[in-house]
Amino acid sequence: MTAAVTYYLSQHPSIVTFRWSHTQSWGCTWSFLVISIAVYLALSSLLHLILSLFVKRGSRPAPLAPVQALHSLIMPIISAVIFAGILFSAAAEINETRWFWRRSKTPFQWLLCFPLGTRPSGRVFFWSYIFYLSRFLHMLRTFFVIFQNRKLTVFHLFNNSVLTIMSFLWLEFSQSFQVLAILFTTLVYSAAYGYRFWTEIGLPTACFPFVLNCQIVLLSCNVVCHVGVLMLQIMKGGCNGIGAWVLNSVLNGISLLLFLKFHVQSRKQAPVKDIVKVL
């Protein structure tokens, strides 16, 4: 059983021979990224505007509970598979390539800082590509939030757009830090979406804002890892894709500031349970 799981998560030929290519992989061009983000922002804003203009406040939300629950069930499953896949794949890559970098890095340092010259191919980048594609499925939650709560926040739109852009940059520039970022994100998403599914089928809620705490944990882990990448860049002679990492850091910083601003403002205007609904 363990051998079969390992094979399908890290040793399958489609995984081992994967290569990020603008001509061979779906959704791998800059034009696709820009158009998809623009369509997402336009549709979200248009839907929110239409509902705000033509639907009375206090009216019953659209009956999308079953669809929303299904989405909340699918997302933790996909996140768990990606988490397991990149964990097994990273272990396999470390085992096979450590002869090349073992004198300059430890395995943990490799997770934070890819050696210079790393190309976007192989096991780790296959699961990074699957994570990138899953971002578009994650975007569907925005429309559920609009239909159910009639709310749309700048933080929500910016956060979803930024995560999609960053996951594209990870592949395009073989960016360092992406392995840990995907591990943290998929682990948190598995817990957060699993909890959402739990509550959406009518089971008891937690006595604390579970989803909000998950978001805080994820942002905190990202900050710590970015500090680690910066230290390795200075002390170990460079990390691959550092230019993309700088942009990644700036976008993460903006996202963190927007999250803090949104959280503070929302706490003044609404109870915590209402804040969690729009995250």
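## Overall make-up and confidence

The chain has 279 residues, and 46% of them are buried. Its secondary structure consists of 12 helices and 0 strands, so the pattern read along the sequence is α-α-α-α-α-α-α-α-α-α-α-α. Among contacts in the chain with a separation of 6 or more, 80% join residues 24 or more positions apart. The accessible surface is about 14,300 Å², and carbon and sulfur atoms contribute 70% of that area.

The mean pLDDT of the chain is 83, with 87% of the residues scoring at least 70. Where pLDDT is low, the predicted coordinates should not be read in detail.

At 1.5 Å a residue, α6 should span 22 Å, and the 23 Å between its end C-alpha atoms agrees with that.

How many salt bridges does the structure hold? There is 1. The salt bridge is formed by the side chains of Arg123 and Glu93, at 3.2 Å from N to O. Arg123 belongs to helix α6 and Glu93 to helix α4 (residues 65-101), so the pair ties together parts that are 30 residues apart in sequence. Arg123 and Glu93 are both buried. As background, side chains of opposite charge can pair when their charged atoms come close.

## Gln68 in helix α4

Helix α4 also contains Gln68. The relative accessible area of Gln68 is 10%; because buried means under 20%, Gln68 counts as buried. Apart from neighbours within four places in sequence, Gln68 is in contact with Arg141, Phe144, Gln148 and Glu200.

## The loop between α8 and α9

Ser174 is placed in the loop between α8 (154-172) and α9. Gln175 and Phe177 lie in that loop too. The table gives the relative accessibility of each of these residues.

| Residue | Relative accessibility | Class |
|---|---|---|
| Ser174 | 2% | buried |
| Gln175 | 0% | buried |
| Phe177 | 1% | buried |

Which residues does Gln175 touch, not counting residues up to four places away in sequence? They are Phe114, Leu169, Trp170, Asn240, Gly241, Ala244, Trp245 and Asn248.

The backbone of this loop also deserves a note. Most residues other than glycine have a negative phi, and most peptide bonds are trans. Ser174 is not a glycine, yet has a positive phi of about 50 degrees. Phe177, also a residue other than glycine, has a positive phi near 85 degrees.

Helix α9 (residues 178-200) has 23 residues. At 1.5 Å a residue, α9 should span 33 Å; its end C-alpha atoms are 31 Å apart, which agrees. Just after α9, Gly202 has a positive phi of about 95 degrees.

## A nonpolar patch on the surface

Which residues form the nonpolar patch on the surface? The patch is made of Val223, Val227, Leu230, Met231, Ile234 and Met235, and its accessible area comes to about 600 Å² together.

Val223 lies in helix α10 (residues 210-235), and Met231 is in helix α10 as well. Is Val223 buried or partly exposed? Its relative accessibility of 41% makes Val223 partly exposed. Met231, at 45% relative accessibility, also counts as partly exposed. The C-alpha atom of Met231 is separated by 9.9 Å from that of Cys113, a residue 118 residues apart from Met231 along the chain.

Notes:
Residues are numbered from 1 along each chain as its sequence is written. Side-chain values use heavy atoms; hydrogens and water are left out. pLDDT is the predictor's confidence in each residue, from 0 to 100. Patches are made of residues with over 30% relative accessible area and no salt bridge: like charges are joined within 9 Å, nonpolar side chains (Val, Leu, Ile, Met, Phe, Trp, Tyr) within 5 Å. Accessible areas come from the Shrake-Rupley method with a 1.4 Å probe; for residues, only the protein chains shown count as cover. A salt bridge is a side-chain nitrogen of Lys or Arg within 4 Å of a carboxyl oxygen of Asp or Glu. Helices (H or I, at least four residues) and strands (E, at least two) are DSSP runs, numbered from the N terminus. Buried means under 20% relative accessible area, exposed over 50%, partly exposed in between (1.4 Å probe, protein chains only). The expected span of a helix is 1.5 Å times one less than its number of residues. Contact means heavy atoms within 4.5 Å.
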